[in-house]
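Let's take a walk through this protein together, one stop at a time. Keep the model open beside you and look up each residue as we reach it.

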Amino acid sequence: MQGGSSGIVYGGLKYQARCIADVRADAGSTTFLAGTLSLKEENEVHLIRLSPGESELVCDGLFYHPNEIWDLKSCPFDHRVFSTVYTSGEGYGAAVWKIPEQHGQSNSPQLEQLFELAGHMGKLRCVLWWPLGKHDKLISIDDRNIFLWNIDSSNKSAKVISQGSADMLPNLRGGAWDPHNHNSIAAISDSSLHLWDLRSMDIILSKSTAIEHAHIRDVDYNPKKQNLIATTEDEFGIRLWDLRMLKHPLKDLPGHSHWTWTVRHNPEYDELLLSAGTDSTVNLWLAQVSSNDSGPDSPSSPKRQEEQLLNSYTDYEDSIYGTLGSLDIFYTLEFRYDIRELTKIVGIAWSSHDPSLFASLSYDGRVVLESVKPYLQRK
């Protein structure tokens, strides 16, 4: 189904951008953070809020950031705190920031840096916050290592508790923190999914794909159902898994006509999924799965149903990627795709305040807020 886009547009970002995040800790309104990716200009973080009349997206704060932003996450228990992964002339870095008190002013040029996440020698991919409730730990992932941090925002300090090495794995690309178990994360490499126990920093479960070039692009936990995750892969599009039975996926969804780059579960409606791809499209899926889906026919043909696509949002000027931190884009030159398409990046994020809303960010800096309420009755 082609639905185009009839959402609310925010065009306040002056520069190219690839990161958008829901401000989960803001219980009073639908709010997002978006960060820019300018090589030459001073970068910005925009605090974007849906107006009380729900008729427009307004800038609730504009803050200068010293470097290109490749990953941005909002703290789930403090609406004024967020993390970024960034690049500079000296390489990659990560830090946690605090938005200053604004006192009615929309522009506040100085963010307060609470602490850096220093010590990474590899290419930083992303920072993870445990998504549910207050937690004094953070995770940072580079292409070879996973760091677990103990953080104290009041004292502006962060200390590495433990470190897991993935030297035997090909190129860590990102991950997700299990909302049902704060001792477990899922990390992805080029062609593998790995579950890590943060207490021992060991891999406790691994799933590899034997398909050549079947690169795993993203992973996301179902926040409402334990043991259910979604991955995006070049070869298969979207795959839904039960972590207790990784031999075969529960279900395959077709994904996108080009690469499927990112996937996000709805925070409230457990069967709704958003995906974004390099075909300049955001897709809304009805993904009805249970462990019973892993039946005798699963080894040869996981269930794939076109009618599970509820809507395609197609009014985007640039290709849709995701928010997985910095990516080795140029390794994809072995494929037959124009490299210009690979640099047109956006993000997608559900609203925690109103789970019927999601925001998308196109590479040209345009944010679009869409409603999925017309499709909720089909659940």
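Our first stop is Ser157, which counts as partly exposed because its relative accessibility is 31%; buried means under 20% relative accessible area, exposed over 50%, and partly exposed in between, using a 1.4 Å probe and protein chains only. Before going on, note that this is a predicted model, where local features need pLDDT of at least 70 and side-chain atom pairs count only at pLDDT 80 or more, while totals for chains, interfaces and linings use all residues. Residues are numbered from 1 along each chain as its sequence is written, and side-chain values use heavy atoms, with hydrogens and water left out.

Ser157 belongs to strand 14, residues 157-165 (strands are DSSP runs of E, at least two residues, numbered from the N terminus). Which residues does Ser157 touch, not counting those up to four places away in sequence? They are Phe115, Asn150, Ile151 and Asp152, where contact means heavy atoms within 4.5 Å. Phe115 is 42 residues from Ser157 in sequence, yet their C-alpha atoms are 5.9 Å apart in space.

Now for some charged partners. Side chains of opposite charge can pair when their charged atoms come close. Searching the whole structure gives 13 salt bridges, each being a side-chain nitrogen of Lys or Arg within 4 Å of a carboxyl oxygen of Asp or Glu. In one of them, Arg49 pairs with Asp26, with 2.5 Å between the closest N and O atoms. This pair links distant parts of the chain, 23 residues apart: Arg49 is in strand 4 (residues 43-50), and Asp26 is in the loop between strand 2 (17-22) and strand 3 (31-36). Asp26 counts as buried because its relative accessibility is 13%. Asp26 and Arg49 also join Asp60 in a network of salt bridges.

Another salt bridge brings together Lys73 and Asp71, at 2.6 Å from N to O, and both of these residues are buried. Glu101 and Arg80 form one too, at 2.9 Å from N to O. Arg80 has a relative accessible area of 18%, so it is buried.

The structure holds 2 cavities of 30 Å³ or more; on a 1 Å grid over the protein atoms alone, a cavity is a set of points where a 1.4 Å probe fits but cannot get out. The largest cavity has a volume of about 80 Å³. Among its 13 lining residues (those with an atom within 4 Å of a point), Asn222, His265, Asp270, Ala287 and Val289 are the closest to its centre.

Technical notes
1 Å grid on protein atoms, 1.4 Å probe; cavity = no way out; pocket = protein on both sides within 12 Å on 5 of 7 lines; lining within 4 Å. Points joined across faces, edges and corners; volume = space filled by probe spheres on them. Helix = DSSP H or I, 4+ residues; strand = E, 2+ residues; numbered from the N terminus.
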